[in-house]
Amino acid sequence: MGRVQDVPLSAPVTGAAGTQWVRRVLSAALLLPLFLAVVVWGPPWAFALIVLGVVGLAQWEFAALFRRAGVAASPLLGVGGGLVVTASFLVPDAVPMALALVVLGVLGASLAGGPPIAWQPSAVTLLGICYVGFLLGHALWLRNVPSGMEWVLFLVAVTWCGESAAYAVGSAFGRHRLAPRLSPRKTVEGAAGQLGAAVVAAAIAQPVLLPQWPWWEVVGLGAVLGVVGQVGDLVESLLKRSVGAKDSGAAIPGHGGILDRVDGLLFCTPVLFYCVAHGQAIAG
C-alpha cells in the first residue's frame, strides 16, 4: 500500500479564469433552480433525498482521492456509513447510536485487512464519514427548526455568494497569498471579498427571509459564515494537497467535484444550526 506524501505547490493558474467563470455561472444556472424548487416547494423527503445524494457522491469522491494516492480507503464502507449517519438525523435521538454502530462496523471491518497497516483504510474511511456524513447531516436538523426553509436558503445564499465573490475578486485583484502552503490561488483579497459578500448577502436576505430577526444579528451570522466557510475551504485544500489533487472530481463543470462545491457548507451548516437552535436571539 502506498503512502501519502507531501506535494509541492504549483504556481497559480490565471489564463483560463474567464472560461472557468463562465462554466461556474452556467452550472449554477442549471442546478440552483432545481435546488430552490425542492427547498421552497418540495416535500421534506425531497430535501432529505438531495442531502443524502450529495453525501453519497461526496463520500465516494473522498475515498477516491485517497485511493489515487495509494491509501486503500473503502468507498463502499464510506458511502454506506456516511448515508447511515446522515439518515439518522431524520430520527429523533438516533445520531449517537448510528455513529457508534458505524464506527464499530468500520473498525471491525479493518480486521480483514491484515497487518501491518490495516488501520489506515479504516482511519481514512472514518474521517470521511465524520467530515461529510456527520457534518452535512446537520442540514436535515436545520430544515426542521422554526423558519427552517428560510434558514436553509440563507445558508446557501450566504455561503455560495461568498465563495463566488472570493473567486471573482481573487482572480481579478488577488496579489497576496492567503495560505500558500495549502492553496496557491487563494488570496487575501479573495478572502476579503468572500467576507464582504457574505455580509452583504445576509443583509439582503434578512428582510426577505428572516424579518423577525434583528438585522444586526443576521448580518453577524453572515460574517461568521463568511469566515467559517473559508476555513472549510482551506481544510479541503489541505486534504487535496496531501494527496496531490487539484479537484475532488469533475462532476460539476467549473467547480470540480461535489466535495469541492460543498466544502464550505460542511463547516457552515453545523455552525449555523447551533447558532439558530441554541442562540439567544430567536424571535418569538
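Select W216. This tryptophan is exposed, with a relative accessible area of 53%. Because exposed means over 50% relative accessible area, W216 falls in that class.

**Ring pairs**

How many aromatic pairs does the structure hold? There are 10. Show F35 and W160. Their ring centres are 6.3 Å apart and their planes meet at 50°, so this pair is tilted. Colour the helices next. F35 belongs to helix α1 and W160 to helix α6 (residues 148-173), so the pair ties together parts 125 residues apart in sequence. Are these two residues buried or exposed? F35 is buried, and W160 is too.

Go back to W215 and W216. They also form an aromatic pair, this one edge-to-face. The centres are 6.2 Å apart, with 85° between the planes.

Then select F89, F134, W141, F273 and Y274 together. These residues form one aromatic cluster.

**The nonpolar core**

Select F47, F66, W151, F154, L259 and L272. They have the most contacts inside the largest nonpolar core, which has 63 residues. Which helices each supply at least two residues of this core? They are α1, α2 (44-68), α4 (95-109), α5 (119-144), α6, α7 (188-209), α8 (215-243) and α9 (258-278). In soluble globular proteins, nonpolar side chains tend to be buried together.

Zoom in on F47. Setting aside neighbours within four places in sequence, F47 contacts F35, V38, V39, A139, L140, R143 and V152. F35 is the residue already seen in the pair with W160.

**A stop on helix α4**

Select V103, in helix α4. V103 counts as partly exposed, at 27% relative accessibility. The C-alpha atoms of V103 and L126 are separated by 7.0 Å, although the residues are 23 apart along the chain.

**Colour by confidence**

Finish with pLDDT colouring. The chain averages 83, and 82% of the residues score at least 70. Helix α3 (residues 75-87) has the highest confidence, at 95. Helix α1 (residues 17-41) has the lowest, at a mean of 66. Select residues 1-15: pLDDT stays under 50 there, and the model has 32 contacts beyond four places in sequence for them. Residues 280-284 also stay under 50, with eight such contacts. Where pLDDT is low, the predicted coordinates should not be read in detail.

Definitions and conventions. Residues are numbered from 1 along each chain as its sequence is written. This is a predicted model: local features need pLDDT of at least 70, side-chain atom pairs count only at pLDDT 80 or more; totals for chains, interfaces and linings use all residues. Side-chain values use heavy atoms; hydrogens and water are left out. pLDDT is the predictor's confidence in each residue, from 0 to 100. Helices (H or I, at least four residues) and strands (E, at least two) are DSSP runs, numbered from the N terminus. Contact means heavy atoms within 4.5 Å. Rings of Phe, Tyr and Trp (its six-membered ring) pair if their centres lie within 6.5 Å; planes under 30 degrees apart count as stacked, over 60 as edge-to-face and the rest as tilted. Buried means under 20% relative accessible area, exposed over 50%, partly exposed in between (1.4 Å probe, protein chains only). A nonpolar core is a set of buried Ala, Val, Leu, Ile, Met, Phe, Trp, Tyr and Cys residues joined through side-chain atoms within 4.5 Å.
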